[in-house]
Amino acid sequence: MESSVVKEFREFFRLISPVAPPSEPDVIEIHSHRMPILYRRHARARNYVLRLHFNKTVIVTIPRQGTRKFAREFVASRKSWLEKQWRILEARRAPPLVLRPGMEILLRGRPVVLELRRDGENWELQFGAERSPLANPAGNLRPALENHLRNAARIELARRVRELARQHASIVKHIVIRNQKSRWGSCSCNGTISLNWRLIQLPDQVRDYIIVHELMHLRELNHSPRFWREVEKACPDYRQAEEWLKRNSGQVGF
């Protein structure tokens, strides 16, 4: 004869609804990337809180009385904010300190693979159509790569500044190619245009926009509405270039 305790357990489990099979995890698409959404209930939370983790996971904190349904609606309503946070994460993405064969960099708007080539007794670093002598094929490729691109940038960017200056009737007194950490370029009141050598990594139209932007500062040394009218007149598609920079600046540098 069954004990009363066993009967109670059987009755208890009989009343429990069968557990539904786990559903597919929630995701949201940001800039063509599908990001998983994780929901975390917090007894002391007073509001819904949204966060984009550095690993590109969306984390939603749900207050004690909150619902998953409202949390999903909350995420959807904040998509523009998530897009902005995604761009910030991309821009802040730390490049690797050591470059090895097989890694990719961006060059003139296209991803290229770092490869080693042997030329008799010597080694070369090849990336896209570019080649550079390599003293130590077993070491960090960064110094040789950066040296090659900085030298190429001094020639290419200076030539392009002069071409665009002629097109837009701008007088440039001096061109400097520098290693700025946080600026694409600048313009001084004495007619000097300074550019970041990493512009050589950008697509042509984005590179040209940055140069034109600085050339227009020769007319308006500010960011007033009048300045932006000059930019739009010289570069009608400048907003697309700005958007590319927001989306892809994390790929520039290495």
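**The sheet and the helix packing**

Reply: In this predicted model, three strands form an open sheet in the order 7-8-9, and their pairing is antiparallel. The edges are taken by strand 7, covering 115-119, and strand 9, covering 130-134, each of which pairs on one side only. From one strand to the next, the twist averages 35°. Strand 8, made of residues 122-127, runs antiparallel to strand 9 and is joined to strand 9 by five bridges; to follow the pairing at the level of residues, take Leu125, whose bridge partner in strand 9 is Ser132. Helix 4, which spans residues 142-167, packs on this sheet and touches both strand 8 and strand 9, while the direction of helix 4 makes about 130° with that of strand 9.

The pair of helices consists of helix 5 (residues 204-216) and helix 7 (residues 238-248), which pack with their axes 9 Å apart and at an angle of about 110°. Because angles of 65 to 115 degrees count as roughly perpendicular, helix 5 is described as roughly perpendicular to helix 7. On the helix 5 side, the contact is formed by Val206, Tyr209 and Ile210, which meet Tyr238, Ala241, Glu242, Trp244 and Leu245 of helix 7.

Conventions. Residues numbered from 1 in each chain as written. Predicted model: local features only at pLDDT ≥ 70, side-chain atom pairs only at ≥ 80, totals over all residues. Heavy atoms only, no water. Pairing = 2+ DSSP bridges. Helix = DSSP H or I, 4+ residues; strand = E, 2+ residues; numbered from the N terminus. Axes fitted to C-alpha atoms, helices over the stretch in contact; angles between N-to-C directions. Contact = heavy atoms within 4.5 Å. Parallel < 35°, antiparallel > 145°, perpendicular 65-115°, else oblique.
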